[in-house]
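Work through the exercises below with the sequence and the 3D structure in view. Try each task before reading its solution.

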Amino acid sequence: MKEKIESLFKTIDKKDAAGFVSFLAEGASFKFANTPEVVGRENIQNAVANFFSSIKGLRHRILMVYEAGDFLICEGEVTYIKHDGTELTLPFADILKIKGGLISDYRIYMDPSPLYNK
């Protein structure tokens, strides 16, 4: 599972929204911080692509991965590169429910508000 998680975050760090949803089950749900939940691969791909367009780049550093039954919990730091070139590193925790080898529910817990503060 560690290799799959590493592959997932490499795909995210490439800002590859289509690649990201390939890790998700067809009817998956996705929730990023305090944004509304999004359901379905196409809707999730659109939401993620929209977010990716708001930043120049990003990179993740995974600190810990915990397995608990059908759930994976990832703790780490994400560094965002803003369009003006400045960088901001924030902590995050992701909870992923795995069903049939794919993510059926993806929840990102973090406070992204500093990313948009002037």
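**Exercise 1.** Which residues form a nonpolar patch on the surface, and how exposed is Leu63?

Solution.
1. Leu63, Met64 and Tyr66 form the patch, with about 260 Å² of accessible area together. Accessible areas come from the Shrake-Rupley method with a 1.4 Å probe, and for residues only the protein chains shown count as cover.
2. A patch takes residues with over 30% relative accessible area and no salt bridge; nonpolar side chains (Val, Leu, Ile, Met, Phe, Trp, Tyr) are joined within 5 Å, like charges within 9 Å.
3. Leu63 belongs to strand 3; strands (E, at least two residues) and helices (H or I, at least four) are DSSP runs, numbered from the N terminus.
4. Leu63 has a relative accessible area of 36%, so it is partly exposed (buried is under 20%, exposed over 50%, partly exposed in between, with a 1.4 Å probe and protein chains only).

The model is predicted: local features need pLDDT of at least 70, side-chain atom pairs pLDDT 80 or more, while totals for chains, interfaces and linings use all residues. Residues are numbered from 1 along each chain as its sequence is written, and side-chain values use heavy atoms, without hydrogens and water.

**Exercise 2.** Find the salt bridge partner of Arg59 and say which parts the pair ties together.

Solution.
1. A salt bridge is a side-chain nitrogen of Lys or Arg within 4 Å of a carboxyl oxygen of Asp or Glu.
2. Arg59 meets Glu87 at 2.8 Å, N to O.
3. Arg59 lies in strand 3 and Glu87 in strand 5, so the pair ties together parts 28 residues apart in sequence.
4. Arg59 is partly exposed at 40%, and Glu87 is partly exposed at 49%.
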